[in-house]
Amino acid sequence: MKNRFVVAALSGLAMTVAAHAGAQTTSAAGEYANAPDSLKINQLQVLGTHNSYAMPVDPRVLALAAPGFEKMVAALRQLPAERRALFEEEHPNPIGILEALNYAHPDLKTQLEEGVRSLEIDVNPDPKGGTFSDPVAYRMLRAQGVTDLLPFDATGLDKPGYKVLHIPDVDFRSHCPTLTLCLRQIRDWSDAHPRHGPLFIMLEAKVDDASPLPNATRTVPFDAKLFDDLDTEILSVLGRERLITPDDVRGRHTTLNQAVRAGDWPTLKAARGKIMFFMITASGPAGTLAYLDGHPSLKGRVAFLRAEPGEDHAAVLLMDNALVRADDIRRYVKEGYIIRSRSDIETYEAKVNDMGRAKAAFASGAQIVSTDFEHPGNAYGTDYVVRLPDGGPVRCNPVLAPNCKPTPTAPPR
């Protein structure tokens, strides 16, 4: 069984690398071909990627961690009913850990060059530095005599700051191990394409300390101070002028939610070359409440937050399961919210070659539809691949601007 998985994973990785090598980059002239300048950014739809920074996990690490993951999944059945229902909605497919991580992305700049306009980056606080420098799984495997582990880039992990990885000790291989490195990749691409469409960057603040391995790395929980430091780190790389922040959208309204319901998002013309951050946690909106401490309605903050409709700071919603939430997504899109949904969850759709969830997500009007399969070629050998229906990196939102007509615009420069 392990050998078959290793062969499948490496075969899929080879196909993905080949697809990257032959992929056509998005032409500058096509950046706005299907979206007039006058549209608000919530009247657009873009393609995003999930865990955009992630590199494939060494199959031997997955085999080592699989029993622990099974126990963790079993424990989820003991969660309080409301949180369990949310988890089951957002993770609906019968997939184990060996398959859930069976995907691969190129580096962030390559994804942006090829038309992805939403990236997801997991951020782990490391105020002292060194917390994630020596993953437990690699220590365990080296102790067993394994010498050919997949390369692990530890650049910057010894220094204080925010580290970018999915699961400590297990899924830690990243195209940019620190948030600063990820942001520099995004900034450099943006500098080279200053008239690009708005980039929607989702930050997942990692707050879960559970691990499938013994003697696991203990993580640092977020608090208001660490959220302050996160804002500072983002600003230190990107600068304020490049960002779309809650203050920009709120304007003269008392709350951010009032501005959103009034449709006061910036236009595409005003948002060219800009970047918007929104933050989530795996535990739902409650996990980021400390980000609001001293910042009612996100005043003075860099990022928007996943919220519940109607909350003062509500602007961005997460509704990943469009097969369940299609009607809700359409309703809230019409009310002014920006929504992220997913075309595939835990690689199941790629495995069975089912485009149903992708079609539902695009048709729902969710402004951001994220995938793990933006390129042809996967470990399952299916034809599953997700692209924006009209091609290119941005299109008119099918719910909010169904009849919009493209207008000539200058290409990004």
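1. A word on terms before anything else: "buried" here means under 20% relative accessible area, "exposed" means over 50%, and "partly exposed" is in between (1.4 Å probe, protein chains only). By that cut-off Tyr332, with a relative accessible area of 14%, is buried, and Tyr337, at 0%, is buried as well. Keep in mind that this is a predicted model, where local features need pLDDT of at least 70, side-chain atom pairs count only at pLDDT 80 or more, and totals for chains, interfaces and linings use all residues. Residues are numbered from 1 along each chain as its sequence is written, and side-chain values use heavy atoms, with hydrogens and water left out.

2. Helices (H or I, at least four residues) and strands (E, at least two) are DSSP runs, numbered from the N terminus.

3. Which strands pair with β6? Pairing asks that DSSP find at least two bridges between two strands. Strand β4 (residues 199–205) runs parallel to β6 over 6 bridges, with Phe200 as the bridge partner of Met276. Strand β5 (residues 243–244) is also parallel to β6, through 2 bridges, and here Leu243 stands opposite Ile275. Strand β7 (residues 304–305) makes 2 bridges to β6, again parallel, and Leu305 of β7 is opposite Met279.

4. Ser341 deserves a click. The residue belongs to strand β9 (residues 338–342) and counts as buried because its relative accessibility is 0%. Taking contact as heavy atoms within 4.5 Å, and not counting residues up to four places away in sequence, Ser341 touches a list of residues including Met319, Asp320, Asn321, Ile329, Ala361 and Ser370. Leu317 is 24 residues away from Ser341 in sequence, with 9.0 Å between their C-alpha atoms.

5. Next, helix α14 (residues 356–364). Its buried residues include Arg357, Ala358, Ala360, Ala361, Phe362 and Ser364. Part of their cover comes from β1 (44–49), α12 (322–334), β9, α13 (348–352), β10 (368–371) and β11 (394–396). After α14 comes Gly365, with a positive phi near 95°.

6. Two non-glycine residues have backbone angles worth a check. As background, most residues other than glycine have a negative phi. Ser297, in the loop between β6 and β7, has a positive phi of about 55° and is buried at 7% relative accessibility. Asn353, in the loop between α13 and α14, has a positive phi near 55° but is partly exposed, with a relative accessible area of 37%.

7. How many disulfides does the whole structure hold? With the rule that a disulfide is a pair of cysteine sulfur atoms within 2.5 Å, the search finds 2. Cys176 is joined to Cys182, S to S 2.0 Å; the S-S torsion is about 85°, so this disulfide is right-handed. Both ends are at 0% relative accessibility, so Cys176 and Cys182 count as buried. Cys396 and Cys404 are bonded with their sulfur atoms 1.9 Å apart, and a torsion of about 110° makes that disulfide right-handed too. Here Cys396 is buried at 11% relative accessibility, while Cys404 is partly exposed at 22%. Counting bonded cysteines along the chain, the pattern is 1-2, 3-4.

8. Last, the aromatics. Rings of Phe, Tyr and Trp (its six-membered ring) pair if their centres lie within 6.5 Å; planes under 30 degrees apart are stacked, over 60 edge-to-face, and the rest tilted. That rule gives 9 aromatic pairs. Phe222 and Phe227 have ring centres 4.6 Å apart and planes at 15°, so they are stacked, and both are buried. For Tyr332 and Tyr337 the centres are 6.0 Å apart and the planes at 85°, so the pair is edge-to-face. One aromatic cluster is made of Tyr162, Phe222, Phe227 and Tyr291.

9. Two of these tyrosines also have an arginine over the ring. The rule needs NZ of Lys or CZ of Arg within 6 Å of the ring centre and within 35 degrees of the ring normal. The charged end of Arg301 is over Tyr291, 4.1 Å from the ring centre, and Arg331 lies over the face of Tyr332 at 4.4 Å.
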